[in-house]
Amino acid sequence: MTRTLTVAPDRPGAYATIGAAVLDAPDGAVVSIAPGVYQETFDLADRSVTLRADSTAGAGAGSTVVIDATT
């Protein structure tokens, strides 16, 4: 069974950052990311992890995931 880790800064029990979830994710895991802009960097070298936008958030404006590594 694939392990899924959820990233949603405003959701209790979820990871606040993508980087924190990636660090905890075992190989083969899925990191499900809530819509929003994430101003962070993280390392995926030598990792086998899937990053996926949270599909339960619905379609339309505001339902995208942006990783902004410029800061």
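**Entry 1: Ground rules.** I worked with a predicted model in which local features need pLDDT of at least 70 and side-chain atom pairs count only at pLDDT 80 or more, while totals for chains, interfaces and linings use all residues. Residues are numbered from 1 along each chain as its sequence is written, and side-chain values use heavy atoms, with hydrogens and water left out.

**Entry 2: Salt bridges.** I looked up the salt bridges, defined as a side-chain nitrogen of Lys or Arg within 4 Å of a carboxyl oxygen of Asp or Glu. The count comes to 2 salt bridges.

I noted that arginine 11 pairs with aspartate 54, with 3.7 Å between the closest N and O atoms. Arginine 11 is in the loop between β1 (4-7) and α1 (18-24), aspartate 54 is in the loop between β4 (50-53) and β5 (65-67), and the pair links distant parts of the chain, 43 residues apart. Here helices (H or I, at least four residues) and strands (E, at least two) are DSSP runs, numbered from the N terminus.

Are the two partners buried or exposed? I used these classes: buried is under 20% relative accessible area, exposed is over 50%, and partly exposed is in between (1.4 Å probe, protein chains only). Aspartate 54 is buried at 13%, and arginine 11 is partly exposed at 39%.

I then examined the salt bridge between aspartate 27 and arginine 47, with an N to O distance of 3.9 Å. Aspartate 27 lies in the loop between α1 and β2 (30-33) and arginine 47 in the loop between β3 (36-38) and β4, so the pair ties together parts 20 residues apart in sequence. Aspartate 27 is exposed at 56%; arginine 47 is partly exposed at 28%.

**Entry 3: Strand β1 and its partner.** I recorded that Leu5 and Val7 form the covered face of β1, and Thr4 and Thr6 the uncovered one. In a regular strand the side chains alternate between the two faces of the sheet.

β1 pairs with β2 in the parallel sense over 4 bridges; pairing requires that DSSP finds at least two bridges between two strands. In this pairing, leucine 5 stands opposite valine 31 in β2. Together β1, α1 and β2 make a right-handed β-α-β unit, meaning that, with the strands pointing away from the viewer, the path from the first strand over the helix to the second runs clockwise.

**Entry 4: Serine 32.** I located serine 32 in strand β2, where it is buried at 14% relative accessibility. What does serine 32 contact, leaving aside its neighbours within four places in sequence? With contact defined as heavy atoms within 4.5 Å, I found Thr4, Leu5, Thr6, Val7, Arg52 and Asp54.

**Entry 5: The loop between β3 and β4.** I found aspartate 46 in this loop, exposed at 81% relative accessibility. Aspartate 46 has a positive phi of about 60° although it is not a glycine. Most residues other than glycine have a negative phi.

Leucine 44 is also placed in the loop between β3 and β4, and is partly exposed at 34%.

**Entry 6: Threonine 70.** I found threonine 70 in the segment after β5, exposed at 69%. Threonine 70 and glycine 36 are 34 residues apart in sequence and 16 Å apart in space, C-alpha to C-alpha.
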